[in-house]
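Open the model in your viewer and keep the sequence panel beside it. Each stop below says what to select and what is there.

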Amino acid sequence: MRIRSLGVIDDAVVELSPGFTAVTGETGAGKTMVVTSLGLLLGGRADPALVRIGAKSAVVEGRITVPAGTPAAVRAEEAGAELDDGALLISRTVSAEGRSRAHLGGRSVPVGLLGELADDLVAVHGQTDQQGLLRPARQRQALDRYAGDAVSVPLEKYAAAHRRFRAVAAELEELTTRARERAQEADLLRFGLDEIAAAEPQPGEDAELAAEAERLGHAEALASAATTAHRGLAGDPEDLEGVDAATLVAGAHRALEAVRSHDPALAALADRIGEVGILLSDVAGELAGYADDIDADPLRLAVVEERRAALTQLTRKYGEDISAVLAWSEQSAARLTELESDDDRIGELTAERDALRGELSGLAQALTDARSEAAQRFADAVTAELSELAMPHARVSIEMRQVEDPDGIEVGGRTVAYGASGVDEVELLLAPHPGAQPRPIAKGASGGELSRVMLAVEVVFAGSAPVPTYLFDEVDAGVGGKAAVEVGRRLARLARSAQVVVVTHLPQVAAFADRHLVVEKTNDGSVTRSGVQAMEGEDRVRELSRMLAGQEDSQLARAHAEELLEAARSGN
């Protein structure tokens with residue numbers, strides 16, 4: 001990895017051994033930044049506070065060997081990344097403003113893709129993971145992870161049935177608890193539909209009646225206007241001396257017709273006046289018919305207004321016009337059908353819920369059986385690891401229990417509480433010596449014992465679900481003396497089959513490393529910088545001496561450091 005402008009690290013290259021790499025350094029020198037850098041390469045959250053003060057951005061670049069054909073390689077190639085001689089180049093940039101960019105094999109990719117690859121490439125274990133494993137829920141997850149398909153397959157079936165059970169139960173609860181509200185809604189819908197059905201409105205009827213009411217209400221004025229207009233166009237039979245438009249136009253037409261042969265232009269005008277005469281005659285005839293047909297009928301007007309009032313009652317309640325009222329009627333009829341079918345739906349849901357409850361019981365029992373079998377193997381494996389971590393008499397066991405709940409499901413003849421992960425509560429117990437009662441590891445283990453138990457758990461995980469690289473961040477806290485030597489030896493053995501990177505403060509652990517890196521901090525008065533140096537030969541002895549006694553040049557510390565290195569070489 002190359003790290004630039006991240007925390008106290010200005011610019012450093014971290015070359016890791018294919019086997020066991022130990023990372024050490026003074027407190028505050030930036031050892032954690034090595035872990036943080038790897039986390040960023042694996043899609044971890046980008047925190048702008050990590051960017052070195054004064055820098056525009058922090059950059060982490062890494063080269064990870066990825067054999068062709070592995071899931072990680074296939075997924076990377078699907079994203080357009082190119083492998084460089086069997087290695088994958090990953091880059092992550094975090095700006096001081098909080099923006100983050102990721103590149104994979106020369107291609108810009110979403111940060112989430114790096115997270116997808118991480119599961120197949122690196123397993124990170126730190127103090128946070130240890131604290132998490134103290135919680136029973138996390139211990140159940142750890143057991144399930146160890147068991148693999150033996151638990152994951154029945155767990156997936158159980159989880160699917162549980163999701164359906166919750167959905168059915170929620171819908172049933174909604175239907176039954178809101179029964180009164182739904183009955184009230186159905187009554188209102190029936191009333192409205194009956195009211196509309198009684199009125200029998202027709203599409204567009206309200207507009208047609210409004211026009212008719214306007215006409216009937218002004219019948220006398222309309223008839224008078226039509227008669228006056230007709231007289232103006234066709235004349236009044238009782239007024240023999242009166243002059244009307246039709247007579248005047250006819251006279252004009254006759255005058256032009258007499259001379260039309262002398263000028264084509266005048267002939268065209270004569271034709272147009274003839275058309276005007278025809279139009280006047282047609283309009284006059286229609287006016288006469290309109291005046292004869294219109295009738296001031298108070299009875300009909302009363303009927304129309306009464307009908308309009310009935311339609312207005314509908315539009316006031318159900319829509320702005322009759323078309324909207326009819327649309328509401330159609331929608332409400334469908335909703336009423338749905339509400340009236342609730343009783344049938346409640347019966348169907350009740351039957352499905354009861355069937356799912358029975359199915360959950362069977363699946364939960366299968367899940368419990370699978371966990372019980374895996375729990376014994378898991379406990380035996382962790383116990384075996386503890387014997388190699390200077391705890392030869394310690395015994396680890398797993399307690400599985402269920403909680404009685406009258407509203408639960410029946411498993412093994414008991415009605416017990418259940419959840420999305422089954423009915424089991426899982427807790428890791430430790431008996432540090434033969435005479436001790438098994439107690440939860442959070443209560444029954446000292447700090448050093450707890451670290452070794454957690455390391456044993458992680459090593460067991462490594463055997464059940466191996467990945468190419470393991471990163472341990474100060475998982476040896478609280479350990480010292482012979483126990484620390486055994487921790488180093490166990491990590492070295494793990495490094496025979498995988499790459500192991502350990503951030504540690506223990507010289508007994510660092511002595512077993514194939515490669516020893518030191519994060520060194522320098523201070524030029526105003527700016528603190530950290531670099532990463534590989535320790536070999538005399539430099540490594542000096543660093544182990546510092547870790548042992550805080551004095552790099554102490555002869556006793558140097559002798560002890562050389563003894564540690566020799567013991568590691570001969571005992572690994």
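**Stop 1: the start of the chain**

Select strand 1 and strand 2 (residues 9–13): 4 bridges join these two strands, which run antiparallel. Two strands are said to pair if DSSP finds at least two bridges between them. Helices (H or I, at least four residues) and strands (E, at least two) are DSSP runs, numbered from the N terminus. The model is a predicted one, in which local features need pLDDT of at least 70 and side-chain atom pairs count only at pLDDT 80 or more, while totals for chains, interfaces and linings use all residues. Residues are numbered from 1 along each chain as its sequence is written, and side-chain values use heavy atoms, with hydrogens and water left out.

Now pick Arg4, which stands opposite Asp11 in strand 2. Between the two strands of this hairpin there are 2 residues, and Gly7 takes a positive phi near 60 degrees.

Which strand pairs with strand 1 over 3 bridges? Select strand 4 (residues 57–65), which pairs with strand 1 (residues 2–6) in the antiparallel sense. Within strand 4, Glu61 is the bridge partner of Arg2. Strands of a sheet pair through backbone hydrogen bonds, either parallel or antiparallel.

**Stop 2**

Next, select strands 9, 12 and 13. They form an open sheet of 3 strands in the order 9-12-13, with antiparallel pairing. Strand 9 (395–401) and strand 13 (439–440) stand at the edges with a single partner strand each, so one side of each has no neighbour in the sheet. Strand 9 is joined to strand 12 (residues 425–431) by 7 bridges, and Arg401 stands opposite Glu425 in strand 12.

Axes are lines fitted to C-alpha atoms, for helices over the stretch in contact, and angles run from 0 to 180 degrees between N-to-C directions. Helix 14 (residues 342–387) also packs on the sheet, touching strand 9 and strand 12, and its direction makes about 160 degrees with that of strand 9.

**Stop 2**

**Stop 3: a pair of rings**

Show the side chains of Tyr146 and Phe378. The count of aromatic pairs comes to 3. The ring centres of Tyr146 and Phe378 are 4.9 Å apart and their planes lie at 55 degrees, so the pair is tilted (rings of Phe, Tyr and Trp, its six-membered ring, pair if their centres lie within 6.5 Å; planes under 30 degrees apart count as stacked, over 60 as edge-to-face and the rest as tilted). Tyr146 is in helix 5 and Phe378 in helix 14, 232 residues apart, which links distant parts of the chain.

**Stop 4: helix 7 and helix 12**

Last, select helix 7 (residues 179–199) and helix 12 (residues 298–318), whose axes come within 11 Å and cross at roughly 155 degrees.

Conventions
Contact means heavy atoms within 4.5 Å.
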